[in-house]
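Reader: Hey, could you walk me through this structure? I'd like the main points in plain words.

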Amino acid sequence: MSVDAATVKRIGRLARIRIEEEEVAAYQTELNAILGFVEQLGEVDVEGVEAMTSVTPMTLRRRDDVVSDGNYAEKIVGNAPLTEDNFFMVPKVVE
Amino acid sequence: MTDLTRLSLADARKGLKDKSFTALELTDAYIGAIEAANPSLNAYVATTPEQARDMAKASDAKLSQRQGGALEGIPLGIKDLFATKGVHTQAASHILDGFKPEYESTVTANLWRDGAVMLGKLNMDEFAMGSSNETSYYGPVVSPFRAEGSNANLVPGGSSGGSAAAVAAWLCAGATATDTGGSIRQPAAFTGTVGIKPTYGRCSRWGTVAFASSLDQAGPIARTVEDAAILMTSMSGFDAKDSTSVDIPVPDFAAAVERGVKGLTIGVPKEYRMDGMPAEIEKLWAEGLEWLKAEGASVKDISLPHTKYALPAYYIVAPAEASSNLARYDGVKYGLRVSGKDITDMYELTRAEGFGREVKRRIMIGTYVLSAGYFDAYYVKAQKVRTLIKKDFEDAFNAGVDAILTPATPSAAFGIGDEALASDPVAMYLNDIFTVTVNMAGLPGIAVPAGKDGQGLPLGLQLIGKPFDEETLFAAARVIEKSAGGDFAPKQWW
């Protein structure tokens, strides 16, 4: 499988990365090189093989469903580029 | 007084205990070395001399009372991927501009608990994506090694290039590093240092900036096998804050270092004998086997038939997980923000400017393989292949193999700005051909210096172990270290 220019732009939108028109061709070449490389997995017979979900035999631990942390909103927003009253500020989302 | 920075971590620890020098003297020696070397090597992206001196003074107070932890007063460098409270933590990326976490990663907290001193944050490939340390927002790290008769700058490897260069150039007694596809072992091999990626789950991932969560593991880079074992003991341990952290006791790894290899069976996988492998790597590998045999190990040919599929499977799994993990960098919660006409515009412009080219390329691949209609063909297929890769190793271990010996890298270090590698992303990825299988199977792997190439550059061998059997790796690596007997220190030019 290989990607065309329109697909490169669509992936950029899905990934929320602005791809400028003049960058499309280079990305297309690079992505196709990588996709071409991974193509060889097609040779592997995976009939009846289970997809790996955990590399070590373990069941995910669950913690108790209780509040165990928090009450420091000022720390949570401490590194944000723009805040007000401990809220993250973003451009208007709803008209 | 002898240059304190030249001491091994173990010897520095002994000197501190014997009061031959103080932690402050040791720390000052390293701070001086960093100030002198960093303009040339670019190994540190941030230094914390005041914090280091305060920590050293606190260690001296404890040492004078004959108290203190296993690393009391030992100055370390920390890869920029580990969250350090109130200190520069940016994964060497522009998108985390100005980020100073309010919390401490578990691995670094464990080191401070044991008395270690922080010298600063080490350069790396951006978000640990790279094999040459050239994708860093802060520019490449320059290796302390140069080919004989050459002044050309070489890469220290990556992604933990700053860690490897700083350890090799005596700019810290040891360093933290991380390994997702070879990022501890490849730079260790390039710089004549020892690096171990422990079993997945051995070190907590909490507070370490995530790249590919099912593959990421922290580990040390150090100048000797013993030093690496000492650091590994402190870094390891169960952590309830990481759901994949494994709740088993941490052995005293240093106690295993001199255990020897008598009676062990060392596997030699035929699939690692690649076409076009340089003769000096072949020779090194054969020598390593002879050294282990001379110390009482037996050698057995084995087959790991799915080896060649590990790298392509990795380049589906790792970018897929990265595209998900890196979705959090949106210009809202931390780091860089580039304003746009609406919120989507802001996201897109922030991420376009904040991420470097290699990171964007991997996010794009990851987004593509996870997108509707492709998920089964790529991601599920790769995870099935991963099951087969793991089974190859299990079959070898079940057949009586205790550890596996392979080359660590397909070549010695290459030049900064290598054009052939820059023009073809896949060519750079091939650096990890011998290391990536280990991450895919969650196993421990250690790189140990074993020889030099024709230009005098260090070459490493890799030992791969059973899950949670890092002790055997330390013991076998020590035999190689001793038998190689070489001096793998760089000639100081900086």
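**Active site, helices and chain contact**

Author: Ser183(B) is found in the loop between β4 (174-179) and α6 (185-190) of chain B; helices (H or I, at least four residues) and strands (E, at least two) are DSSP runs, numbered from the N terminus. This is a predicted model, in which local features need pLDDT of at least 70, side-chain atom pairs count only at pLDDT 80 or more, and totals for chains, interfaces and linings use all residues. Residues are numbered from 1 along each chain as its sequence is written, while chains are lettered from A and ligands numbered from 1 in the order in which they are written.

Reader: OK, so is Ser183(B) buried or exposed?

Author: Ser183(B) is buried, having 37 other C-beta atoms within 10 Å. The cut-offs are 20 or more other C-beta atoms within 10 Å for buried, 12 or fewer for exposed, and partly exposed in between, with C-beta atoms placed from the backbone.

Reader: What does Ser183(B) touch?

Author: Leaving out residues up to four places away in sequence, Ser183(B) touches Ala128(B), Gly158(B), Ser159(B), Ser160(B), Ala177(B) and Thr178(B). Contact is when the C-beta atoms of two residues, placed from the backbone, lie within 7 Å.

Reader: Which residues does UniProt list for "active site"?

Author: The unreviewed UniProt entry lists Lys79(B), Ser159(B) and Ser183(B) under "active site". They span 105 residues in sequence, yet no two of their C-alpha atoms are more than 11.4 Å apart, so they gather at one spot. UniProt positions use the numbering here, feature names are shortened, and annotations may be inferred rather than shown by experiment.

Reader: And where does Lys79(B) lie?

Author: Lys79(B) lies in strand β2 (residues 75-79) of chain B. Lys79(B) counts as buried, with 32 C-beta neighbours inside 10 Å. Not counting residues up to four places away in sequence, its contacts include Leu122(B), Met124(B) and Ser160(B).

Reader: Switching topic: how many residues has the largest nonpolar core?

Author: That core has 174 residues, and Leu76(B) and Ala476(B) have the most contacts inside it. Helix α9 (residues 310-325) of chain B gives the most to this core, with ten residues. A nonpolar core means buried Ala, Val, Leu, Ile, Met, Phe, Trp, Tyr and Cys residues joined through C-beta atoms within 7 Å.

Reader: What does α9(B) meet in α11(B)?

Author: Ile316(B), Pro319(B), Ala320(B), Ala322(B) and Ser323(B) in α9(B) meet residues of α11(B), including Arg362(B) and Ile363(B). The contact divides into eight nonpolar, three polar and one charged. Here Ala, Val, Leu, Ile, Met, Phe, Trp, Tyr, Cys and Pro count as nonpolar, Asp, Glu, Lys and Arg as charged, and the others, Gly among them, as polar.

Reader: Back to Ala476(B), who's in contact with that one?

Author: Apart from neighbours within four places in sequence, Ala476(B) is in contact with Val261(B), Leu264(B), Leu292(B), Ala403(B) and Leu463(B). Ala476(B) is also among the α16(B) residues that Gly288(B), Trp291(B) and Leu292(B) of α8(B) meet. That helix contact has five nonpolar, two polar and no charged residues.

Reader: Last one: how many residues does each chain put into the contact between A and B?

Author: Chain B gives 51 residues and chain A gives 38 residues. On the side of chain B that touches chain A, the largest share, ten residues, comes from α12(B). The residues of that side divide into 27 nonpolar, ten polar and 14 charged.
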